[in-house]
There are 4 protein chains.
Amino acid sequence: MKNHTKEWQELAEIKAELAERDWFMGTSGNLSIRESKSSSFYITASGKDKRKQTNADFLLVDLKGIPVEKTELRPSAETLLHTVIYEKTNANCVLHVHTVENNVISELYGDEGEVTFRNHEIIKATGRWNEDAELRIPIIYNHADIPLLTEKFKPHVEEDSGAVLIRNHGITVWGKSGLEAKRTLEACEFLFQYQLLLNQQQAFTGSIR
Amino acid sequence: MKNHTKEWQELAEIKAELAERDWFMGTSGNLSIRESKSSSFYITASGKDKRKQTNADFLLVDLKGIPVEKTELRPSAETLLHTVIYEKTNANCVLHVHTVENNVISELYGDEGEVTFRNHEIIKATGRWNEDAELRIPIIYNHADIPLLTEKFKPHVEEDSGAVLIRNHGITVWGKSGLEAKRTLEACEFLFQYQLLLNQQQAFTGSIR
Amino acid sequence: MKNHTKEWQELAEIKAELAERDWFMGTSGNLSIRESKSSSFYITASGKDKRKQTNADFLLVDLKGIPVEKTELRPSAETLLHTVIYEKTNANCVLHVHTVENNVISELYGDEGEVTFRNHEIIKATGRWNEDAELRIPIIYNHADIPLLTEKFKPHVEEDSGAVLIRNHGITVWGKSGLEAKRTLEACEFLFQYQLLLNQQQAFTGSIR
Amino acid sequence: MKNHTKEWQELAEIKAELAERDWFMGTSGNLSIRESKSSSFYITASGKDKRKQTNADFLLVDLKGIPVEKTELRPSAETLLHTVIYEKTNANCVLHVHTVENNVISELYGDEGEVTFRNHEIIKATGRWNEDAELRIPIIYNHADIPLLTEKFKPHVEEDSGAVLIRNHGITVWGKSGLEAKRTLEACEFLFQYQLLLNQQQAFTGSIR
């Protein structure tokens, strides 16, 4: 591997870690990190096998999603969603992954437009430290037209750290650092798995307790 | 490991990756890739532990499934299914794996002869890009007689990329490249896991929401 | 990595192993081990990514949880729970982890204040060897105020080896050695997974058998 | 690692592979392999962490389970079950593991004294090749007294390859080689996972299809 910037390296490490969990099934997912010395960000190139680590994994694009350097790589088809976050907030990292659990949660609670969690220690991992903290994750419709999807996504991007579910299309999280974005992602996935297992168990309550 | 062709290497990498996911339980499964400079293909040798990487993992066979070189290795007992795909299409890679989820899906939906998915971002991973794309996967009966099984399999092999479930006997996918075949496989497995979890959750809907 | 004491190394190995199982989602969890030649113990530093191995993973604190050496690291916010165990017992290792299963068990059985297991070979792994041994794990309320939580935790710390569930906040186990603490943790997690799967299956008994 | 015999190495590789799947939770499980040039076999030493690979992992014992060489290692407490298999059959490898799924299956079907599988391609992995092959796995009561448990186990050991479930105490499989034993083990675990998932799905059939 050739020499890369600190941000490139950080994103590569996050990618490797998420790949180990198999969170990029079918080459799905896309990741980005803001380059500290410029108004551009690294984003995953389109069509790559994300379980492999290569020099062509990421390319540098500007806040309109246009490649900053001459390159044969194409930025991810969903780059527009990333630009919204970098334009509206001070976030420095954006992660979008498909998991079976986040897809099922997005379908089960999609008609309500959100899913909400309370009374959970792990909510603190999203930066909410008060005892009665609640984590509300909006769920938006999966428009195939990316500019339209981006328009619907935009109103939910208000803070420097956050999470939005796209129905049957995974979760997008962001944070002020790679670690913060990953921590938020892991907390959300933990809560999704928890909720699905609790739903399943509580449905039996009458018969098993 | 001795020097191998590019195709041999590619198949070895795919095997290692699927083995890591434990998709070859009980030495099940078989994989092949078309050799670019000839009308033959590499296929997994019979009876090997697919979690190990050795020089005897694959052998080269012709379009009738007969070894091209003198070898002590026997081609997989299900080589005939691979020959059908290479004869009828331009596919260059075929993957057959047993997972618990693809077996359960094949049993649950087997009487209907197919399982169909819609409204799912990950369907794009199978090359279907329009918004209302549907992925239909045929399910055929598991005839113990391989030539008979091959006859029943044949009508479902029409495009250069595809997937067929054999009841309680895993999935066979193919594509124009190793990456395409693997992407299709992962998309199918993702959708199977999704469907099983959604079935389970929706069954409770009355009581939990 | 610089040279570390035997205890530091042992804790680092346990951390690496639990991280491999993904038992530190969202940077949750904290671990400690008693230093043999002093009345202090190593504990995980606050806010670190526990999937990474660094020289700054642990710091040495005394039995009040105050750092023994000058350091920029802050001990885990829940250090107080560890001090109680080292003060009241001869335990030498404490492990606190969040898993989806231990969280769901803590919620399902939380109102009863405990969950009990019997007739299970794996109970022996917790040091209970008689045929009718039972493993009782108390479940306490998750007070956000750590000193208050510690007060409620204290009465359940009586033996040199044990386990307590905190509702929607994971499990804390301890033992006379790192191996004993880990063995108890694994036995508990195995039993939680078992119970959840058995509950699910038995609920269907009427309809499936 | 010092130099070991071929059989020692083979058992070490099997142990490493099963450890990777986390099939030794709470230091449970025990493994053995027959030494080809003697009437003795290597068996896992008692009380070790089976996720680690050391020179003290196995010791050589005779057909009564008595160590053949001077050693500080104690053979597994359940060595007696292994001796029965080596005495009555030509098996050369015995594997005993606890998984959540094999424990739940042993409890669900324990009163019937057996669990039976049919119409499954993966049954071939146990050496049954005819189309209507059935795999019957006996389930015996978990007597805490090992000699008594061994007496109840003995009648089920008749062929050179086989599998027995002990209620809430895991599965014991054996085969003429390490590969055959492991293949049988994987086929059984696959079928257990399949059955549990199918039970769960079929219970909903009325409401979901």
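The model is predicted, so local features need pLDDT of at least 70, side-chain atom pairs count only at pLDDT 80 or more, and totals for chains, interfaces and linings use all residues. Residues are numbered from 1 along each chain as its sequence is written, chains are lettered from A and ligands numbered from 1 in the order in which they are written, and side-chain values use heavy atoms, with hydrogens and water left out.

**Salt bridges**

- Side chains of opposite charge can pair when their charged atoms come close.
- Over all chains, the structure holds 68 salt bridges (a side-chain nitrogen of Lys or Arg within 4 Å of a carboxyl oxygen of Asp or Glu).
- A:Glu13 pairs with C:Lys52, with the closest N and O atoms 3.1 Å apart.
- This pair crosses between chains: A:Glu13 sits in helix α1 (residues 6–20) of chain A, and C:Lys52 in the loop between β2 (41–44) and β3 (58–61) of chain C.
- Helices (H or I, at least four residues) and strands (E, at least two) are DSSP runs, numbered from the N terminus.
- A:Glu13 is partly exposed at 41% relative accessibility, and C:Lys52 is partly exposed at 36%.
- Here buried means under 20% relative accessible area, exposed over 50%, and partly exposed in between (1.4 Å probe, protein chains only).
- A:Arg21 forms a salt bridge with C:Asp22, where the closest N and O atoms are 2.5 Å apart.
- This pair also crosses between chains, from the loop between α1 and β1 (30–34) of chain A to the loop between α1 (6–20) and β1 (30–34) of chain C.
- A:Arg21 is buried, at 13% relative accessibility.
- Within chain C, C:Asp57 and C:Lys15 meet in a salt bridge of 3.1 Å, N to O.
- C:Asp57 lies in the loop between β2 and β3 and C:Lys15 in helix α1, so the pair ties together parts 42 residues apart in sequence.
- Both C:Asp57 and C:Lys15 are buried.
- Shared partners join A:Glu17, A:Glu20, A:Arg21, A:Lys182, A:Glu186, C:Asp22, C:Asp49 and C:Arg51 into one salt-bridge network.

**Helix α3 of chain A**

- Helix α3 (residues 100–108) of chain A is largely enclosed by the rest of the structure, because seven of its nine residues are buried.
- Among the buried residues are A:Asn103, A:Ile105 and A:Ser106.

**A:Asn168**

- A:Asn168 is in the loop between β7 (162–166) and β8 (171–175) of chain A.
- A:Asn168 is buried, with 6% relative accessibility.
- Its side chain makes a polar contact of 3.0 Å with the side chain of A:Glu107 (a pair of N or O atoms within 3.5 Å; within protein, one must be able to donate a hydrogen and the other to accept it, and residues adjacent in sequence count only if both atoms are side-chain atoms).
- The backbone oxygen of B:Asn119 lies 3.2 Å from a polar atom of the A:Asn168 side chain.
- Leaving aside neighbours within four places in sequence, A:Asn168 is in contact (heavy atoms within 4.5 Å) with residues including A:Asn103, A:Ser106, B:His120 and B:Tyr194.

**Cavities**

- The structure holds eight cavities of 30 Å³ or more.
- On a 1 Å grid over the protein atoms alone, a cavity is a set of points where a 1.4 Å probe fits but cannot get out; lining residues have an atom within 4 Å of a point.
- The largest cavity has a volume of about 80 Å³ (the space filled by probe spheres set on the points, which are joined across faces, edges and corners).
- Of its 13 lining residues, A:Glu186, C:Phe24, C:Thr27, C:Asp49 and C:Arg51 are the closest to the centre.
- Helix α5 (residues 178–202) of chain A gives the largest share of this lining, three residues.

Terms used. 1 Å grid on protein atoms, 1.4 Å probe; cavity = no way out; pocket = protein on both sides within 12 Å on 5 of 7 lines; lining within 4 Å.
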